[in-house]
Amino acid sequence: MKSGLIIYVVGKEPANWDADSGKKTIKQNIKADLVEIITTKTGHFDVIDAWCSLMIRGMKRITCMIGEFTPNGNLALTGRELRLCG
C-alpha cells in the first residue's frame, strides 16, 4: 500500500529554505512514498489541498504531521501524527 505524508509547517520558513531538499530529508527519515509540505512557498493552501494531491497520485495511507523550523533553519517534526486515511 502506497503511503503519503503531509507536513503542516507552523511558523515562517527561512528565506534560503528549499522545499525539495526538505522533502528528501524527510523521506530519508520517515517511510513514505510521497511527501507534501504545507508552507507559504510550497503551493499548497491547506491540508485538504495536499491530501487531494496525494489521493490523486494513488496514496492509500495518508498521515499528517506538524513541523516547525529550528533556529538554524532546518525543518523538524514535532512527533504529533494524525492518520487521515488508510
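I looked up Arg57 and found this residue partly exposed at 39% relative accessibility (buried is under 20% relative accessible area, exposed over 50%, partly exposed in between, with a 1.4 Å probe and protein chains only). The model is predicted, so I note that local features need pLDDT of at least 70 and side-chain atom pairs pLDDT 80 or more, while totals for chains, interfaces and linings use all residues. Residues are numbered from 1 along each chain as its sequence is written, and side-chain values use heavy atoms, without hydrogens and water.

I then searched for salt bridges (a side-chain nitrogen of Lys or Arg within 4 Å of a carboxyl oxygen of Asp or Glu) and counted two. Arg57 meets Glu36 in one of them, at 2.0 Å from N to O. This pair links Glu36 in strand S2 with Arg57 in the loop between helix H2 (47–56) and S3, 21 residues apart. Helices (H or I, at least four residues) and strands (E, at least two) are DSSP runs, numbered from the N terminus.

Glu36 also forms a salt bridge with Lys23, with the closest N and O atoms 3.8 Å apart. Here strand S2 (residues 34–38) is linked to helix H1, across 13 residues. I recorded Glu36 as buried, at 5% relative accessibility, and Lys23 as partly exposed, at 22%.

Last, I checked confidence (pLDDT, given per residue by the predictor from 0 to 100). The chain averages 87, and 99% of the residues score at least 70. Confidence is lowest in H1, at a mean of 81, and highest in S3, at 93.
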